[in-house]
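Open the model in your viewer and keep the selection tool at hand. This tour goes stop by stop.

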Amino acid sequence: MTWFTAALGSSVGKKFMMALTGLAFIGFLAAHLAGNLLMIAGREAFNGYAEKLQSLGPILQVFRAGLIGFALVHVLTGLYLFLQNRKARPLRYETDASAGGRTISSRTMPYTGLAILAFLIFHLFHFTWTDKGAQTIFDLAAAAFNQPWVILLYASAMIVVALHVRHGFWSAIQSVGANHPKTMPAVTALSWAAGGIVAFGFGLLPFFMLIRY
Ligand code: HEM
């Protein structure tokens with residue numbers, strides 16, 4: 001297996017792992033958003049979905065363990081690449097944004113990544129690692145999104161997630177080698193769509209809950 005560990009240890013291998021784990025998270029986000037949008041359908045629909053998820057038992061635990069493993073690989077590899085880049089290039093240089101990739105999202109990837117990690121820890125304490133008492137998960141969300149500071153925090157966090165997803169998707173496609181000049185306009189359009197769906201889908205949900213419940 002030495003060729004395998006050597007490949008993963010190379011910087012191309014690390015970019016590849018970032019890409020695979022990042023794309024897996026985008027898959028998770030798509031499923032999470034689809035589930036969360038059931039809040040619009042109301043209490044019964046959302047609670048029914050949450051109960052069905054819980055009833056998966058061991059499958060859910062395996063899925064959660066996988067997510068944690070992917071998160072560790074993604075965050076630690078990302079931090080390593082960031083620190084390596086800084087060591088290799090202490091002076092920033094100008095690049096042409098139109099040549100591809102140098103945008104606000106690309107320049108801020110390490111910072112938006114760390115902000116998402118902070119949001120995620122808050123989010124898990126908020127909804128998952130909390131004593132729900134007699135409340136259903138829908139009631140918990142409705143109560144949470146009745147507070148302006150929570151809405152503001154979630155809406156701002158979703159802008160950060162959208163920026164990270166937009167560049168992350170674009171960059172992941174390059175890293176897995178699917179960057180043919182013919183397909184790149186479609187990849188760029190898809191990356192904007194992914195960012196937009198995250199920003200509007202997740203970002204507007206707290207406002208919907210405030211207005212409706
Ligand atoms: C408006 C935005 C969001 C809402 C309303 C929301 C809602 C929820 C709720 C209600 C749960 C708990 C489900 C349960 O315990 O039954 C949950 C779990 C979770 N959320 Fe979110 N979420 C949002 C955005 C995000 C984002 C952007 C991420 C990732 C960056 C994320 C990652 C997670 C994770 C990892 C879990 C734990 C899943 C598990 O282990 O079962 N969420 N979310």
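A crossing is left-handed if the near helix is turned anticlockwise from the far one by less than a right angle, and right-handed if clockwise. This is a predicted model, in which local features need pLDDT of at least 70, side-chain atom pairs count only at pLDDT 80 or more, and totals for chains, interfaces and linings use all residues. Residues are numbered from 1 along each chain as its sequence is written. Helices (H or I, at least four residues) and strands (E, at least two) are DSSP runs, numbered from the N terminus.

**Stop one: α2 and α5**

Select residues 11-36 for helix α2 and 58-88 for helix α5. Their axes come within 9 Å and cross at roughly 135°. Axes are lines fitted to C-alpha atoms, for helices over the stretch in contact, and angles run from 0 to 180 degrees between N-to-C directions. The crossing of α2 past α5 is left-handed.

Now show side chains. On the α2 side of the contact, pick residues including Met 17, Phe 25 and Phe 28. On the α5 side, pick residues including Phe 70, His 74 and Leu 81. Residues are in contact if their C-beta atoms, placed from the backbone, lie within 7 Å. By class, this contact of α2 with α5 has 10 nonpolar, 5 polar and 1 charged residues. Ala, Val, Leu, Ile, Met, Phe, Trp, Tyr, Cys and Pro count as nonpolar, Asp, Glu, Lys and Arg as charged, and the others, Gly among them, as polar.

**Stop two: the ligand**

Which residues come nearest to the ligand? Of the 19 around it, select Ala 50, Arg 64, Phe 127, Phe 202 and Leu 205. A residue is near if its C-beta atom, placed from the backbone, lies within 6 Å. Next, colour α7, which gives the largest share of the shell, 6 residues. The shell divides into 14 nonpolar, 4 polar and 1 charged.

**Stop three: α7 and α9**

Contact residues include Ile 116 and Phe 119 in α7, and Val 160 and His 164 in α9.

**Last stop: past α9**

Just after α9, select Gly 177, which takes a positive phi of about 85°.

Note on methods
Two residues are in contact if their C-beta atoms, placed from the backbone, lie within 7 Å.
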